[in-house]
Amino acid sequence: MGQERGGVRVVMRAWVRAAAACGLAALLGVAGCRQAGGDAAGVAAVPTGEVKTFPIHGKVVRVDTAKGSIVLDHDAVPGFMDAMTMKYPLKDPSVASELHPGDLINATLLVRKTADGYEDPKLDQIVVVAQAKPDYKPMVDYHVPQAGDDVPDFAMVNEAGRTIHMAQFKGKVVLLTFIYTRCPLEDYCPRMNKNFAEIDKALKDDAALYKETHLLSISFDPTYDTPAVLRSYGRIYNGGDAKEFSHWEFATPPEKELDAVEQFFDMGVTPGEAGTLTHSLSTAVIGKDGKVRAWYPTNEWTPAEVLAAMKSAAAA
């Protein structure tokens with residue numbers, strides 16, 4: 001899904017922003033703005049505490065190749081800290097030579113949880129998703145969905161083990177999003193599922209609109225998210241009987257088609273630790289003609305907003 005340059009993986013995507021400073025990190029108990037501790041004799045203390053990982057996205061502000069660190073202007077880290085600008089050491093200092101100010105990156109933030117808070121932050125698994133200083137030819141060019149784009153006839157396997165195709169939904173308005181069942185971040189996959197559940201409930205209150213719409217939650221973890229796993233997971237949100245799944249399906253593309261699906265919907269996914277996946281978000285409304293009507297690349301959309309877009313698409 002990208003080109004390796006040294007220790008940095010490069011793809012073409014788009015993320016965004018943040019602001020603040022080191023003082024806010026201190027309020028959150030993040031000890032990354034101070035030196036690691038040591039004893040009075042100058043002997044470095046042995047790091048203690050459990051290492052936690054969080055996905056982080058942002059823009060490189062400054063690169064210090066000598067010290068193997070960067071200043072990153074990053075988005076809020078769900079479940080951990082607000083958006084801010086601060087300096088981060090790199091787990092592999094040599095990676096700094098592959099980064100430029102203005103690069104947009106996706107990375108894993110490693111922090112050590114101690115009794116005093118969080119210490120020793122480092123960035124690992126860095127993916128350059130948009131270069132400020134192009135010096136390579138990307139192997140993969142991610143597509144940013146635009147209104148009017150034809151959605152390819154992607155094949156997937158649903159929670160019942162049946163193969164489905166995007167083309168079979170022509171004539172209906174499709175709302176789709178991307179999830180994986182092991183996602184630990186409440187503001188990511190669980191939030192998408194809860195939003196879909198709210199939309200599904202609202203659609204049921206309008207029998208005519210319900211018949212003209214379809215919901216599709218697509219997993220990007222086909223190895224783990226088997227039909228049985230998707231069915232068990234899906235019933236938590238949609239009730240679980242056959243009628244419910246006929247309107248809101250959970251499916252995953254086969255391995256050979258997964259990259260194409262992710263690239264078309266601008267869906268960035270990289271491996272994390274302990275089976276987790278660091279990923280972006282992508283939600284789309286597809287019209288009855290199989291063309292993109294609206295696309296939402298964050299978790300900031302509301303069920304009311306998307307429901308209005310679906311109603312507009314159904315009336316077209």
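A salt bridge here is a side-chain nitrogen of Lys or Arg within 4 Å of a carboxyl oxygen of Asp or Glu. By that rule, the structure holds 11 of them. Keep in mind that this is a predicted model, where local features need pLDDT of at least 70, side-chain atom pairs count only at pLDDT 80 or more, and totals for chains, interfaces and linings use all residues. Residues are numbered from 1 along each chain as its sequence is written, and side-chain values use heavy atoms, leaving out hydrogens and water.

Select Lys288 and Glu212 to start. Their closest N and O atoms are 2.6 Å apart in a salt bridge. This pair links distant parts of the chain, 76 residues apart: Lys288 is in the loop between strand S15 (283-286) and strand S16 (292-296), Glu212 in the loop between helix H3 (207-211) and strand S11 (213-219). Helices (H or I, at least four residues) and strands (E, at least two) are DSSP runs, numbered from the N terminus.

Now go to helix H2 (residues 189-204), where Lys204 and Asp200 sit 4 residues apart, about one turn of the helix. Their side chains form a salt bridge (4.0 Å, N to O). Buried or partly exposed? Asp200 is buried at 2% relative accessible area, while Lys204 is partly exposed at 39%. (Buried means under 20% relative accessible area, exposed over 50%, partly exposed in between, with a 1.4 Å probe and protein chains only.)

Last, pick Thr278 in strand S14 (residues 277-279). Thr278 counts as buried because its relative accessibility is 6%.
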